[in-house]
Each structure stands twice: as structure tokens, then as C-alpha cells.
Amino acid sequence: KHFFGKTRQEVAAKLNSALKARHDGLPIPGERQTLKEFLKNWLEGIRLSVRTTTWERYESLVRLHVSPRVGRIPLARVTPDHLQRLFAELRDRGLAPASVRQARAILRKALNDAVRWGLVGRNVAAFTSPPKVEHAEIRALGPDEVRVLLYAAAMDRLEALYVLAVTTGMRQGELLGLRWADIDVEHETLQVRQALHRTNANYEFGGPKSAKSRRMIALTKTAVDALRRHKVRLAEQRLKVGADWMDMDLVFTNEIGGPIDAGNLRRRSYWPLLERAELPRIRFHDLRHTAATLMLGRGVHPKVVSEMLGHSQIAITLDLYSHVTPTMQRGAAEEMEIIVSG
């Protein structure tokens, strides 16, 4: 077998990779398999080990953006420069920085497996620089706006959903996947155990976003009262539907007991609610930001807020809501003044 390269070091790396593969009983890295072929096989191999929505996102980025541009390059000949230029081109063509960053993460993960399997000598994606992703400006409702929103939602069939959104900071998928079995009204708590995920074909219930997203959340009295009213409304709707009711134990359902489509939620309930309340058309996700901002603004410890939101690290909470820090610092300064002045 022969190895070729632009430099002596490149050829030596390929030779060392082949020797290591033979020693480990793995196939010797070949020059013919293209990056496109490898990624296609790699995607099929991980299909059952990741969430359906995650796999579909991976497959889409590879098929639409990676393979058409660098897929013909032999796997063993892909260089950091190939990938760095790919990321720059995707960014120039208007792909969101977060998507470009995810494309890099996919390639890094895939090529890391290629290294483990002895197909390449090094992970070239690890030598590239990820694009900078700037957080979108957070639009959070103030205390008065929250009260206006909940007043407008008082007669809405999904009143409890909006109450939970602004008092717990739960993600939309977590709210739509919430079951009555996860709620302990007596102790005023709920458990986040699953979320509703949209796939290309349908919906599926799966685990929350991360391990830290599986959490217990203390409920406000307002939330508990709203849930009690909601349960009565749901029982009345179930009687009206009769045998066609889909008994899935979901807290928030469509008219026949099934999962709520996120698009329908926005169009038929959420946006009309904002119009009735005469509030700006903010994203549903901004209700989560609202909960976090209000808690931090009232002096709730960032660690507690991070746990309620299900962030994997407190640093994420502090980074996202740095705009609240000046208020927190002013409160801390006032407390210190009380201490030192007696």
C-alpha cells in the first residue's frame, strides 16, 4: 500500500495511522472513501443512539450544507483548511452562526469516531475555529406586563399553561409533554420528566434537553389554583368528546386529548392572547426568559434559578441574564451598606 501527501509529515502521519490500525486489528485507512460516504454511514450508525429530532437535524445539515461542498474529498485527505473554508462559505451564504457551529460539532463528533476506528490519523475538525454566536436580544415582560398577560389569559382554556410558563420558566416542549402523574398538587411541586418533540414525520415524547433538565420545580399558589381550574375544564371537555378522547394523561391537550401542535399553539392561542393583552408579539420562549429575569431581579440566587430552568451549568444562566447583574449588584451594595453602617 502506498501513501501520498504534500509534506513528509503528512505522509508519515498516514503511515503511522496505517501501522496503528494493523496493530489494533482495524481496517487500514483508505484513500477512496469520501467524506460524504463516511458521513452517510456514520449517520446510519448513530440513528438509534440519539433522539429522532437530533438525528434529523444532523442529517439535514450534512445533506444540505456539508456534503455538497466538501463531500467529494477523500476522507483521509480532508484538512482543517477544507473545513475552515466550508464554515466561512456557509456563513457568507447566510446560514445562522449557531447552525454553522453545529455543523462543526457534527463533523468533530463524526471524525472523532473515524480516528477511534483507525480510518484517519487525526481529527482535523478539532483544529478549526468555531464561528462566534451572539445571543439574540432577550425580550422579557416586566411585572406589570405579566399581570396583564395572566389577566387576559384568565378565561383561556390554556390559562394554566401560561401561568406555568411565567412562574416556572419551563420550556415549551416540557410544558406540552407534562402529565398529571408528574404533578403533586398537595405538595405544590411538579417533576419535569419528559418533553414533546416535533419530528419530520410526527411527534414523539422523549427526555428533556439534558440530564439537569430532569428536575423538580416548586409551584406558586397561583399556578396550583390555575391547574385545579384547568383539570375541571379538561374533565368537561373529555365528557363532551366521549369515546373519541385520547387518554394520554397530558395536562395540556388539543380538543380530543392529544398533543398540542406547537404551531397551532402560537397561531390559535398565544398570539391572539398577546393581542388581547395589548402586548408585543414576543416569542413563546421569551416567557421562559421572563421567569428567569423576574426571579433574578427579585434577588433569587442564580443557582436556584439555574436549577429551576434546568440549565446544565450556572454559567449559562449568568451569561444569558447578565443584563440583570447591575440590579443584583445594587441590591448587594445596599445590603453591605446596612452591614457596615450598623
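This is a predicted model: local features need pLDDT of at least 70, side-chain atom pairs count only at pLDDT 80 or more; totals for chains, interfaces and linings use all residues.
1. **Helices 3 and 5.** Helix 3 (residues 52-70) packs on helix 5 (residues 97-116). The angle is about 100 degrees, and the axes are 10 Å apart. Angles of 65 to 115 degrees count as roughly perpendicular, so helix 3 and helix 5 are roughly perpendicular to each other. On the helix 3 side the contact is made by Arg 57, Tyr 58, Leu 61, Val 62 and Val 66. Helix 5 contributes Ser 99, Gln 102, Ala 103, Ile 106, Leu 107 and Lys 109.

2. **Salt bridges across the sequence.** The whole structure has 21 salt bridges. One of them links Arg 229 and Glu 159, with the closest N and O atoms 2.6 Å apart. Arg 229 sits in helix 9 (residues 221-241) and Glu 159 in helix 7 (residues 159-168), so this pair ties together parts that are 70 residues apart in sequence. Arg 229 is partly exposed, at 38%.

3. Asp 225 deserves a look here. Its side chain meets that of Lys 221 in a salt bridge, at 3.0 Å from N to O. Lys 221 and Asp 225 are 4 residues apart in helix 9, about one turn. Asp 225 also forms a salt bridge with Arg 228, where the closest N and O atoms are 3.8 Å apart. That pair is 3 residues apart in helix 9, again about one helical turn. Lys 221 is exposed, with 57% relative accessible area. Asp 225 is partly exposed at 25%, and Arg 228 is partly exposed at 46%.

4. **A buried threonine.** Thr 317 lies in helix 13 (residues 314-320). Is Thr 317 buried or exposed? Its relative accessibility is 1%, so Thr 317 counts as buried. Leaving aside neighbours within four places in sequence, Thr 317 is in contact with Pro 302, Val 305, Ser 306 and His 311.

5. **A nonpolar surface patch.** Met 336, Ile 339 and Val 340 make a nonpolar surface patch of about 330 Å². Val 340 belongs to helix 14 (residues 325-341). Why does Val 340 count as exposed? The cut-off for exposed is over 50% relative accessible area, and Val 340 has 61% relative accessibility, so Val 340 counts as exposed.

Notes
Residues are numbered from 1 along each chain as its sequence is written. Side-chain values use heavy atoms; hydrogens and water are left out. Patches are made of residues with over 30% relative accessible area and no salt bridge: like charges are joined within 9 Å, nonpolar side chains (Val, Leu, Ile, Met, Phe, Trp, Tyr) within 5 Å. Accessible areas come from the Shrake-Rupley method with a 1.4 Å probe; for residues, only the protein chains shown count as cover. A salt bridge is a side-chain nitrogen of Lys or Arg within 4 Å of a carboxyl oxygen of Asp or Glu. Helices (H or I, at least four residues) and strands (E, at least two) are DSSP runs, numbered from the N terminus. Buried means under 20% relative accessible area, exposed over 50%, partly exposed in between (1.4 Å probe, protein chains only). Axes are lines fitted to C-alpha atoms, for helices over the stretch in contact, and angles run from 0 to 180 degrees between N-to-C directions. Angles under 35 degrees count as roughly parallel, over 145 as roughly antiparallel, 65 to 115 as roughly perpendicular and the rest as oblique. Contact means heavy atoms within 4.5 Å.
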